[in-house]
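Reader: I would like to learn how to read side-chain packing from a set of atoms. Can we work through one case together?

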Amino acid sequence: MAGADGDDSLYPIAVLIDELRNEDVQLRLNSIKKLSTIALALGVERTRTELLPFLTDTIYDEDEVLLALAEQLGNFTMLVGGPEYVHCLLPPLESLATVEETVVRDKAVESLRKISQEHSPVDLEVHFEPLVKRLASGDWFTSRTSACGLFSVCYPRVSSTVKAEIRQHFRTLCSDDTPMVRRAAASKLGEFAKVLELDYVKSDIISLFTALASDEQDSVRLLAVEACVSIATLLPQEDLETLVMPTLRQAAEDKSWRVRYMVADKFSELQKAVGPEITKNDLVPAFQNLLKDCEAEVRAAAANKVKEFCENLPEDSREQIIMTHILPCVKELVSDTNQHVKSALASVIMGLSTILGKDNTIEHLLPLFLAQLKDECPEVRLNIISNLDCVNEVIGIRQLSQSLLPAIVELAEDAKWRVRLAIIEYMPLLAGQLGVEFFDEKLNTLCMAWLIDHVYAIREAATCNLMKLVEKFGAEWAQNTIVPKVLGMANDPNYLHRMTTLFCINALSEACGQDITTKQMLPVVLKMSNDQVANVRFNVAKSLQKIGPVLDSNALQTEVKPVLEKLATDTDMDVKYFAQEAISGKHFCLPLHSHCSVPRVYVHYLAPRVTLAQTLSIRWFNKLFNLLSFLLNLPSDCSLSLRHWCGSPEK
């Protein structure tokens, strides 16, 4: 029996092993993902002698299977017996590093880099370094590209003789006939430079960097720009001008826009790497040229770095450089023909105000902000609006309101609803900075106008905006300023606006407190229970349930409950449904009729509104239960209880 039990416990493992050979790709993939389970069942000895050779011999599978295998093998060290036997994982990973699919090779290289750290220095030279050499001298370009990612992980831990061989292999790959190999070498040049001794960086890496930066393929040259950042951080300041800057100047004026784009994208990092003196002498003119580049992609990348570049300028000459060299270019970009350039600039230009100070901001930057606030591109306007707080910190809210507020008011009535939405979302912050009096004078009317916008998202955001304003300015302000206007909308001819009144009451009741809710809001809600539109009436039921926690028990029993009982007998099924839901809430306790044996379940309303699709679903739901009531000869009041019972999560 014990033997049988043992066989039974190993049966799932046998199934997984069989699935490794299955013709179905999905089954093989599932089995590969559970490879650690198989290895645990087999034990470290059989994993090394049987499973790994089997996996090595069968690497001709689908890419998804090979990708999963490459990932699994990176975590296999303990499953083969620990660091002492980790070299057993090299053969299958070496094979995976030579396959044609890039993602599989990259994952195999990632796993090889991971397990290289678990090799002892001796094993690294005996097992890992020969693997790197085989890949570096492989016939097919795939193995040579994989080798480029392995030099840096083994170089620091090998002997001087082996280090010389590794450097030679890397030099060979940097001048490989295949562009893909040179690209791989260029992408790892900076990483390899970081582990080399400084003398070899100067003698070997600089020459390779110069060659790759002058490569005939622009895809190689742009990767050399990335390496430039790493190399510049390694060299002493006195060597940068002679060893790095000629190549960097060449890259900044490269004939390919992709290379210039890469320079612009990495400009802040390059600026930090080369230091303040070279920045003033070389990088400022280069940055000006990138801001004026003929390609929009390059201008956009450079514009995105304006704030960061200016922040990193030397303090003693920062303002002079910005005003003389950078700001004229920025003024041109404000009216650029490409919207992506203008949008990139708008996302950072507000940050210049903290660098230039109040006077320069008012004189030079405010006109640019105004121009961008009125730009035809919505994204440009949005980026300016989203960063107003930067300017407010420098020039103060009064100056900001006098210069930018008219433009903001204009945007609040923009034809694009997303622009209006952005203004609404910024309004609580702006209101807090302006203060109550200024807000009431300039922006109150605007906030109320949003409540009757033709776009629901705007009305919804405006309701949330009012709640935040009440939390900021207090219940007394709401009672005098907001509540009367909101309640006045209850008599609006448009039923959507009357529903907005209910939504506002839902949002404001808690912030305003029990007294205002009971004396001012509740009578309006109760009056709206007689509305001719069913949508308004069932939203009255929802509102009564929503504001219930704020009301006292006397108001609930004497005023709210009779209205809900009346709505529960409404001719519209939706009104009856939501009224009954409100009655079934924890604030009310209406008993069901004694002859109805169906248990009552408390169903709480969660959503603030019902979509058209939900409303239609409710109507069909009601019709179905009316039919069931008729077929089962149930009393009409039991059908409603039956609907609650069957509609509950438990049933």
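Author: Start with Thr501, which is found in helix 33 (residues 495–512). Keep in mind that this is a predicted model.

Reader: Is Thr501 buried or exposed?

Author: Check the relative accessible area against the cut-off: under 20% means buried. Thr501 has 0%, so it is buried.

Reader: Which residues is Thr501 in contact with, leaving aside its neighbours within four places in sequence?

Author: Val486, Leu487, Met489, Ala490 and Met528.

Reader: What does the side chain of Asn360 make a polar contact with?

Author: The partner is the side chain of Glu319, at 2.9 Å. Beyond four places in sequence, Asn360 is in contact with Glu319, Met323 and Leu365. Take Met323: it is 37 residues from Asn360 in sequence, yet their C-alpha atoms are 9.0 Å apart in space.

Reader: On to the nonpolar side. How many residues has the largest nonpolar core?

Author: The general idea comes first. In soluble globular proteins, nonpolar side chains tend to be buried together. Here the largest nonpolar core has 212 residues. Those with the most contacts inside this core are Ile231, Val306, Ile349, Trp450 and Leu544. Helix 14 (residues 218–234) gives the largest share of the core, 10 residues.

Reader: What does Ile231 touch?

Author: Leu189, Ala193, Ile205, Ile206, Phe209 and Val244. That list leaves out residues up to four places away in sequence.

Reader: Next, rings. How many aromatic pairs does the structure hold?

Author: The structure holds 14 aromatic pairs. One of them is Phe151 with Phe170: 5.6 Å centre to centre, with 90° between the planes. Planes over 60 degrees apart count as edge-to-face, so this pair is edge-to-face. The pair links distant parts of the chain, 19 residues apart. Phe151 is in helix 9 (residues 151–154), and Phe170 is in helix 10 (residues 160–174). Phe151 has 1% relative accessibility, so Phe151 counts as buried. Phe170 is buried too, with a relative accessible area of 0%.

Reader: Why is the pair of Phe287 and Phe309 stacked?

Author: Their ring centres are 4.3 Å apart and their planes are at 25°, so the pair is stacked. Phe287 is in helix 19 (residues 276–291) and Phe309 in helix 21 (residues 306–311), 22 residues apart. Both residues are buried.

Reader: Which residues form one aromatic cluster?

Author: Phe151, Tyr155, Phe170 and Phe192.

Reader: Rings can also meet charges. Which ring does the charged end of Arg167 sit over?

Author: The ring of Tyr200, 3.5 Å from its centre. Arg48 lies over the face of Tyr85, at 3.8 Å from the ring centre.

Reader: Last topic, cysteines. How many disulfides does the structure hold?

Author: A disulfide is a covalent bond between the sulfur atoms of two cysteines. This structure holds zero disulfides. For Cys148, the nearest cysteine sulfur is that of Cys174, 7.1 Å away. The cut-off for a disulfide is 2.5 Å, so Cys148 is in no disulfide. Cys148 has 2% relative accessibility and counts as buried. Cys504 is in no disulfide either; the nearest cysteine sulfur, that of Cys464, is 9.5 Å away. At 0% relative accessibility, Cys504 also counts as buried.

Terms used:
Residues numbered from 1 in each chain as written. Predicted model: local features only at pLDDT ≥ 70, side-chain atom pairs only at ≥ 80, totals over all residues. Heavy atoms only, no water. Phe/Tyr/Trp six-rings, centres within 6.5 Å; stacked < 30°, edge-to-face > 60°. Helix = DSSP H or I, 4+ residues; strand = E, 2+ residues; numbered from the N terminus. Buried < 20%, exposed > 50% of the residue type's maximum accessible area, 1.4 Å probe, protein only. Lys NZ or Arg CZ within 6 Å of the ring centre and 35° of its normal. Core = buried A, V, L, I, M, F, W, Y, C linked by side-chain atoms within 4.5 Å. Contact = heavy atoms within 4.5 Å. Polar contact = N/O pair within 3.5 Å; in protein donor to acceptor, adjacent residues only side chain to side chain.
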